[in-house]
Amino acid sequence: DIVVTNDGVTILEEMQIEHPAAKMMVEIAKTQETEVGDGTTTAVMLAGKLLENAETLLDKKIHPTVIAKGYRLASEKSQEILKELAVKITNDDDEVLRQIAMTAMTGKGAEDAKERFSDIIVKAVKQVQDSNGIDINNIKIEKSKGDGIKDTVLISGIVLDKERVSIDMPQVVENAKIALIDFPIEVKNPEIDTKVSISSPEQLQGFLDQEERTIKDIVNKIKSSGANVIFCQKGIDDFAQYLLSREKIYACRRVSRSDMEKLAKATNGKIVGNLNELSERELGFSHRVEEIRHGEDTLTYVTGCKNPKALTILIHGGTGHVIDEIERAIKDGLGDVIASLKSGLIVPGGGAIEIEVARRLREFGQTLSGREQLAVEQFSSALECIPLTLAENAGLDPIDILTELKSRHDSGEKNAGLNLFTNKIEDCLEARIIEPLKIKTQAISSASDVAIMILRIDD
């Protein structure tokens, strides 16, 4: 199985790691992924650098407890500094939200279409936002091979990776009344072991007729509820398929539970678990349900829902690897935009915030009298590894960049960072390189926690 990616978490999850300290690093990445959805590489690099710097202190015979104490002080102080430097945004700053999504997708192989993707991401997040906040699970990502990356679209409805169960069913249903069914449309097998003894051909015939009648009843009940589209979580019998297609009802079977829930949100329908409960009240509505073939894939589109609270982003791309990488980029973008909306606070990217926090930490370190001062000093130099790596990845000289960044910050340009599109040092807020505050606070807190924990291990 080949995975081609530069997404931190994906790499760490695919690696077979035995070493206990390394396993803790993977944990940091996973926390960062679930909490924010981006910034995983930052968190892991920081933790690694903190430990590397602690080693130089240990060689100078400074006790681990002292280092741990210094790191803890530095970590708390960094959180304060970050909050102080953060910039407020509101829900209506669509432009800013787009820039956040673009910053998140930079370097993820999605650069060519990032303008388009950022539009899609911001629209999707705005659409599923409700009074309870934003649930990323309501944005379904479906993949389809063929066409180019730029053909990726946002569909205000749900796209299912399913086809209609019978070829005789209509391919398109306009003004769809959708029944979401959680019971099988087939004759039930008894739950317990049973034996049916039949002694004459008439009895057998009667038994078979009874089965047919049961299925006809089910189909009639569905028809009388007014439904013309069915999404069934369980199976649909062959005879039932024939009857449904005769009634011109579009049906999909074995739809997963999570998709059923998204369908219910998008179409305003209810998932019905008992045949007798099915009535017009429980049905969902959409303007159009149709089956569309894309190359080898057959997908069912449920579109034109009124104010859907669940959506689909349909990603196109030439190969599976490309599509997977684009999916990771889009997920990072979604995570960042949601994190920014939740806290309403953002910080400049491009290494600007790290340099500024490091500078202020050094000043804070000077006020400490004990040996913790050295640990705070090392903590602030660990933060500088982020702009350093950025410069390296852009093919610039890391030392030159770092010294210029430091002098800019010393002269009071607190938003000066690296703009990798121009390879110059600029004001990152003006250049619109922005990230949610949550990425930084989460990365620093989990990285310092793990570093302190590993420091306290004896051997």
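**Close-up A. Glu 142 and its bridge partner in strand 11.** Glu 142 has Leu 314 of strand 11 as its bridge partner. Strand 2 and strand 11 (residues 311-317) run parallel and are joined by seven bridges; strands count as paired if DSSP finds at least two bridges between them. The three-strand open sheet here goes 2-11-3, with mixed pairing. Strand 2 (139-145) and strand 3 (153-155) are its edge strands, each pairing on one side only. From one strand to the next, the twist averages 25°. Lying across strand 2 and strand 11 is helix 10 (residues 320-343), at about 160° to strand 2. Angles run from 0 to 180 degrees between N-to-C directions, with axes fitted as lines to C-alpha atoms, for helices over the stretch in contact. Helices (H or I, at least four residues) and strands (E, at least two) are DSSP runs, numbered from the N terminus.

A note on what you're looking at: this is a predicted model, where local features need pLDDT of at least 70 and side-chain atom pairs count only at pLDDT 80 or more, while totals for chains, interfaces and linings use all residues. Residues are numbered from 1 along each chain as its sequence is written, and side-chain values use heavy atoms, with hydrogens and water left out.

**Close-up B. Strand 6, covered on both faces.** In strand 6 (residues 229-232), Val 229 and Phe 231 sit on one side, Ile 230 and Cys 232 on the other, and all are buried. Buried means under 20% relative accessible area, exposed over 50%, and partly exposed in between (1.4 Å probe, protein chains only). Strand 5 (residues 172-181) pairs with strand 6 in the parallel sense over four bridges, and Ala 179 has Ile 230 of strand 6 as its bridge partner. Strand 7 (residues 250-252) also runs parallel to strand 6, joined by three bridges; here Val 229 is partnered by Tyr 250 of strand 7.

**Close-up C. Helix 3 and the helices around it.** Helix 3 (residues 40-59) has 20 residues and spans 29 Å from its first C-alpha to its last, close to the 28 Å expected, where the expected span is 1.5 Å times one less than the number of residues. Its buried residues include Val 44, Leu 46, Leu 50 and Leu 57. Among the elements that the buried residues of helix 3 pack against are helix 1 (8-14), helix 2 (20-35) and helix 4 (64-85); contact means heavy atoms within 4.5 Å. Just past the end of helix 3, Lys 61 takes a positive phi of about 65°.

**Close-up D. Helix 4 crossing helix 11.** Helix 4 and helix 11 (residues 352-366) pack at about 125°, with axes 10 Å apart. That makes the two helices oblique to each other: under 35 degrees counts as roughly parallel, over 145 as roughly antiparallel, 65 to 115 as roughly perpendicular, and the rest as oblique. Residues meeting across this pair include Leu 73, Ile 81 and Leu 85 in helix 4, and Ile 353, Leu 361 and Phe 364 in helix 11.

Close-up E. Strand 12 (residues 345-348) pairs with strand 15 over three bridges, in the antiparallel sense, and Pro 348 is opposite Ile 434 in strand 15.
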